[in-house]
Amino acid sequence: MTALSILVTVVCLVTAALGFYYAARDLSADLVLLGAAGLVALVWAVLGAVIGLRDAAGGHPADRVTLYGYLLTGFAMVIGGSWVGVWERSRWGSMVIAVVALVAVVLLMRLHQIWPGGFA
Amino acid sequence: MTDPRTHRSDAAPSVPSVPEPTGASDAPVSPGATGASSRGFEAVLIVVYGLFSLAATARSSVQMLRDFSFAPVAYLLSLVAALTYIAVTIALVRGGRRSTTALVLCLVELVGVLAVGTLSVLDPALFPDATVWSVYGQGYGYVPLLLPVVALFFLVRGRRKGPEASVSAR
């Protein structure tokens with residue numbers, strides 16, 4: 001689980017760095033950046049699935065509403081951010097992807113606080 | 001709400017260069033061809049405000065549904081923050097950088113963050129549970145304090161320079 005958390009963090013941070021780089025170079029999101037954003041969505045979905053399985057296998061998250069709220073928000077946010085990246089053909093579209101990837105890292109940190117047992 | 005373009009109709013004999021509503025087919029970055037499809041920095045603001053709308057709404061509704069009496073003042077202020085964020089998001093989506101509504105709402109938001117932040121420092125007893133705006137948005141990395149300042153800066157600048165600013169601001 002630690003490995004998965006690290007993987008999610010690294011994918012998010014690399015995507016964020018790439019997005020900020022694109023924004024700094026005045027590039028709009030291309031397939032590389034969108035692919036990175038897609039990868040963020042993928043690892044986030046895997047994280048959600050694993051947490052869901054752990055919950056179903058007898059875990060006891062103290063606050064299920066918040067837990068799944070964060071997981072769903074994170075996923076929707078990454079998909080939405082990628083969509084803005086497609087639709088906003090300027091550096092700012094790239095920046096949206098970068099911001100969304102950064103927020104995903106924050107959400108992951110909050111997930112660890114919400115259900116520490118799920119990541120143990 | 002008034003048509004934002006009427007504010008600037010005195011500046012130039014209007015409409016010679018209204019970008020045609022071309023589809024997404026001309027997408028690959030053609031600088032200068034940023035028509036109505038490109039919002040520039042506005043897009044970033046809309047996304048961040050949208051996220052805060054969601055976060056604040058979810059937070060305040062969950063808190064209120066669970067135990068409203070635990071910290072009524074804090075929960076109500078969270079709700080106010082949530083509604084403000086939703087209103088700013090809608091104003092930005094609809095009116096864009098020249099929206100007067102967005103400008104006023106951002107001012108309200110800034111006053112709200114400062115007032116609630118100060119109140120939470122002076123009288124912590126009122127806040128047994130945190131709000132989005134407690135201690136100037138500490139729990140959210142002070143982004144709630146920064147956000148209205150950045151938005152106001154952007155909105156005022158967008159007004160001064162007019163629609164052309166959207167191109168030079170890229």
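Start at the second largest pocket, which has a volume of about 1400 Å³ in this predicted model. A pocket here is an open set of points on a 1 Å grid over the protein atoms alone, where a 1.4 Å probe fits, with protein on both sides within 12 Å along at least five of seven lines; its volume is the space filled by probe spheres set on the points.

Select A:Tyr70, A:Leu107, B:Phe52, B:Ala55 and B:Tyr140 next: of the 41 lining residues, these lie nearest the centre of the second largest pocket. Lining residues have an atom within 4 Å of a point.

Then select helices H3 (64-87) and H4 (91-114) of chain A, and H1 (41-67) and H4 (143-161) of chain B; each supplies at least two residues of the lining. Helices are DSSP runs (H or I, at least four residues) numbered from the N terminus. H1(B) gives the largest share of the lining, 14 residues.

Colour the lining by residue type: 28 residues are nonpolar, seven polar and six charged. Asp, Glu, Lys and Arg count as charged, Ala, Val, Leu, Ile, Met, Phe, Trp, Tyr, Cys and Pro as nonpolar, and the others as polar.

Chain B has five helices and zero strands. Of its 170 residues, 39% are buried, meaning under 20% relative accessible area with a 1.4 Å probe, protein chains only.

Residues are numbered from 1 along each chain as its sequence is written, and chains are lettered from A in the order in which they are written. The model is predicted, and local features need pLDDT of at least 70, side-chain atom pairs pLDDT 80 or more, while totals for chains, interfaces and linings use all residues; side-chain values use heavy atoms, without hydrogens and water.

Definitions and conventions
Buried means under 20% relative accessible area, exposed over 50%, partly exposed in between (1.4 Å probe, protein chains only).
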